[in-house]
Amino acid sequence: MSAELEQAARRAVEAATAAGATDAEAWSEGSRSREVRVHAGEVESLTEASGRGVGIRAWIGQRTGYAYGTDLSDSGLAALAEAAAGAARVADEDENSSAPDPSGEAIPEIEGLRDEAVAATETAEVIDLAKRIERAALDRDKRVSGVEEVVYVDEDGDAAIATSRGVSGSFGVSTAYSFLQAMATQDSEVQTGLGFGVGRSPGALNAEEIGAEAGDEASSMLGATKPESRSCPVVLSERVTASFAGFIGGALCADDVQRGRSPFADRLGDELASTAYVLADDGIDPDGLASAPFDGEGTPRERTPLIADGKLLAYLHDSYTARRGGARSTGNASRASYRSPPSVSTSNLVLAPGELSLEGLLERAGDGVCITEVAGLHSGVNPVTGRYSVGASGRAIRGGELAEPLREFTIAGDLLGTLAAVRAVGSESRWVPFGGSVRTAPMLVGEMAIGGA
Amino acid sequence: MSVVEESVAARVLERALSRGGDFAELFAEERRGFSLSIDESRVERPQSGSERGAGVRVIDGEVTRFAHVDGLAEDDLMAAADGLAAALGGGGAEPVALRAADPPKLQEIEVDPASVPAERKADVLRELDERARSAGPEIAQASASYSEGRRRVAVFNSEGLEATDDRTRVRLGAQVVARRDGTVETGFETLGAHRGFELLDGDPGRIAEQAARKALELLGADPAPAGEMTVVVGGGFGGVLFHEMTGHGLEADAVQKGASVYAGKMGEKVAEPLLTAYDDGSMPGEWGTGAIDDEGTPCRRTAVIEEGRLTSYLYDRLRARRDGTESTGNGRRESFRDLPIPRMTNTYIEPGDADPEEIISEVDRGFYAVSFGGGQVEPATGDFVFGVSEGYLIEGGRVTKPCRGATLIGNCLQALARIDAVGSDFEMKTGFCGKAGQTAPVGTGQGHVRIRGMTVGGTAV
C-alpha cells in the first residue's frame, strides 16, 4: 500500500507544480478499519471500511493554500492541484510562509507502530472480545443493570508524504481500542461508568479489566449526593489529569502563543509550576498512539521536555512557527487526516509518575474530593485565558480514604494556578486517549474551588 | 442528476440482499467545501475539499452490517455489497423496484457560494476584522472564519425508496480577545444557515462587533458566584439548554436502551403547561434543515413536548421499526462513512407569553446566562453541564455586574420541571452537535426562559 501512496503523493506534487505552485507538499493516506458495536450480548452493528485520500498544500511565493480529495486518478489529482493553487492565490502574503526544507536530521526508526495481528484477527474474534468486555462489566456487581454499548474499533493504515523540496517518506500504523458505558441501577437511580483500553492490536486489550472498570465506576456512584460549595484539596483521577495535560499541551503550541492567545505567552523559562509536575511531549514512544517517524510535514518526530523543575522549558513548533519564532521545529506539525492541513499540535503527552500510590495521595489529601470524571470541557475551559469551570463527579475523601460518592458539582480555577498548586503526582500511570494521547497518573492538587449546594 | 444512477443503485441493492437480510440501503454522497480565515489581519488557511463516497447497509434482524468506500465507482460499490452479503451467507431476498420520490422541496439557494469569487469571501473577513478592531483600543486580537459546504446526497433502499437532497450551508464566525492590564477575555459570535451566499447580504460585520462587545464587557466582570439560584437563560443560543437537557434524552436509541431519563415517560407531565417544544428539520433556511434526512425520510416538525406533556421521541428507521412506529425524519449521519442514528435537527421552545423584561424583573437574586459556549449531557443519568460565555448577576430584579467563568449544572428532569416562565421573544442560532463520534449541524432556539433553582458553578465560593 505505501508504495502506491508514495507514488500518489509524488504525482500530486507534480500536478501542483504544473498548476502554477512554486512549491508543493502532498500527504496521502490509505486505511482499512473495522468497528463492532455490541449490546445485550448481541452484535448491534458491524462496519468494514476502506478509505484513501490526499491533501495538497501549495505555495505561490509566500501565499499558501490547501485542497483535499478522494480521487487519486490523474484527472482527480489535476483538479485537486488546481484547487490548492487557486486557494493559495486568495491568501495574503506571509513572510514566514514557505515549504519546509528537509530537516537534514535522521528520521527515527520506531519499532512496533504496526502490529500485523490487527489485519490477521478474524472479525468473529473481536466480536467475542467485545462480548466478553460487556460480560465483565455485568458480572462485576449485581447492581450493574446494563451496558449502553461496547464499541470496538481497529484500523490499519499507511501514510506517505512528498514535497517539491525533496522531503519524502512513508510509514504504517495500527491501532485498536474499545470502550463501554455501563449503567448501575438502585431503586429509580441510574449511574454510569466508563471503561476503556487502547493498544496496537486486539490482543493488547484486556476484556476483564476494561469491563470491570466501567462496572466499578457505575456502581460506586450509586447514592451520590451534591457536595457543599467550598475550597479543598482534590485528587484528580488519571482520566481528569489526561484532559488537564491536554489543555496545558494545547496552550504550549507555539501558534497560539505567538498570536497572544495562550496563558503561557512570554513565559518561557519562568518558574510557574509545582516541581511535582513534570511534562514532556513524546512523538517517538512506541506505545504512544500518536507516535510516528515524522510529523505532518515530514520533520522527524522527537521528545520535547515541556515543564520540569517548575520551569517552562519549551513551546511546541512546526516549521511555520519555528521560522516565525526563530526556533527549530520540534516535529509537532499534526494532521487529523488528509482532510486537514498540518498545524501545531501535541503528539503524546507524558506526565512523569511520582512516588505515591493512589492511597498515598488520598492520605495526603486528608479531607477533600476525589474527581473521577469531568464534563463540559469544550465549553468550560477557555484556552485563551486559561480559566476553567467544568462539571464533575467523584468521591468524598475523609480521613485520607475514599468515602461517599458525589455528583452534580463543578470545579473551577485557572490552568496556571492549578499547575502551581499540584502537590504530588501518583506512581500508577497509564495511557489515556482523552485530551489527545496521554500517559498520565492521578495527582493531588492542594486547593480547588468546588461549586455544589 | 443523482450522484448515482438508479440502475447502478438497483444492482448494488440486489447484490447486498443476495445472501439474505431484511433491508438494504445505499447512501451516496458528493460533498464540496471551502473555508478561509483571517487572523492578525491576514487572510489565511484557504482550504477546499471534495469527496465522493458511499455507504451500504444491510439490516438482518437486529444486526446492522455496514460498509463504506471512498469514490462512487460501480465496482467499489459492488465490492462493498459483496462483502456484506458474504457475511450473511443465507438465501437471497428480492429488493422492491426503485421508484423516485416526488422531487424534494429543496431549500432555495439564491447564490451558490461556490460561484462567488474567493476574493469576495476574503473581503467579508477583512470587514469583520476591521469592525472587531475598531471596537476599541483594548481589542488585542481578532480572528474570523468563513466556511461553505454543499452535500448532494442520494438514498436508495430495498423498499423501493429513491430520494435525493442538495444541501448548501454557509457560516461565519468571529472571535475577539480583549486585554486590560493583566486581564484577558474572549468573545465569540456566529452567523450561519442552510442558505447560499445571500446569507451575507446586509451586514455580516455586525457579528464581529457583537463578539468584541462581549469580550470588552467581560473585562469588567467579577468571578461568577457558586451555588444554587434562579437562572434566566437568554434567547437564541440559550436553546442549547433544551437541546442538552431534553433533546438528547428523546433520541430513540438512548430511550430503547434505558439509557435516558425520559424512557417510559411518554404522555407524562414533565414540565409546566407553559412549555411546548419542537424538533423541526423543515424550518426554511435553518442550520439543521434538510429536505430529507439521511435515510430518505422527509424532514418534518415533531412536537416533543406539548403543554408540559411528553409527546414524541425522535426516531430513525431502525429505532422506529423496533417501536412499531414511523421515522420522524431524524436519521442523520455526518457523512457516507457513518451509520445513521437518531439526531436532532432544529430544536426549539415555542415562544410563550411572558415579557422578557418581566422575567428578569421578578427575580430578586439570580443569574442571567445570555449565551453559552456549549454544553454536555449524560442522558442515562440526566446530569448536564453548560459553559456560560456571557453571564450577569441579577440583583433586585435588575441585571447588574457581568460574571466570568460560570458553569450551569443540574439534572434534566428537575430543571425542566422548574421552568416557570417562557418569553415571547424568539431567536434561532447555529451549533454543532457531537454524538457517537459524529458531528451534525443543529439549530437551537428559544426566547428568554427562567428556571427556579439551578446550580451555578463559579470561582467565588
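The bridge partner of A49(A) in β3(B) is H68(B). Strand β2(A) and strand β3 (residues 63-70) of chain B run parallel and are joined by 5 bridges; two strands pair if DSSP finds at least two bridges between them. Strands (E, at least two residues) and helices (H or I, at least four) are DSSP runs numbered from the N terminus. This is a predicted model, in which local features need pLDDT of at least 70 and side-chain atom pairs count only at pLDDT 80 or more, while totals for chains, interfaces and linings use all residues. Residues are numbered from 1 along each chain as its sequence is written, and chains are lettered from A and ligands numbered from 1 in the order in which they are written.

**Interface of chains A and B**
- In chain A, 63 residues are in contact with 66 residues of chain B, contact being defined by C-beta atoms, placed from the backbone, that lie within 7 Å.
- Strand β2 (residues 42-60) of chain A gives the largest share of the side of chain A that touches chain B, with 12 residues.
- That side of chain A comprises 21 nonpolar, 27 polar and 15 charged residues; Ala, Val, Leu, Ile, Met, Phe, Trp, Tyr, Cys and Pro count as nonpolar, Asp, Glu, Lys and Arg as charged, and the others, Gly among them, as polar.

**Domains of chain A**
- The domain assignment gives domain 1 (117-161 + 168-220) and domain 2 (230-451) of chain A, with bounds from an automatic or database assignment.
- The centres of domain 1 and domain 2 of chain A, taken over C-alpha atoms, are separated by 24 Å.
- Each domain of chain A contributes to the contact: 9 residues from domain 1 and 9 residues from domain 2.
- On the side of domain 1 of chain A that touches domain 2, two or more residues come from each of β5 (168-186), β6 (189-199) and α5 (207-220) of chain A.
- Strand β5(A) supplies the largest share of that side, 4 residues.

**Sheet of chain A**
- An open sheet of 6 strands in chain A has the order β10-β9-β8-β13-β19-β18, with mixed pairing.
- Its edge strands, β10 (311-312) and β18 (430-432) of chain A, each pair on one side only.
- Strands β8 (residues 279-282) and β13 (residues 348-351) of chain A pair in the antiparallel sense over 3 bridges.
- Within β13(A), L349(A) is the bridge partner of D281(A).

Terms used. Two residues are in contact if their C-beta atoms, placed from the backbone, lie within 7 Å.
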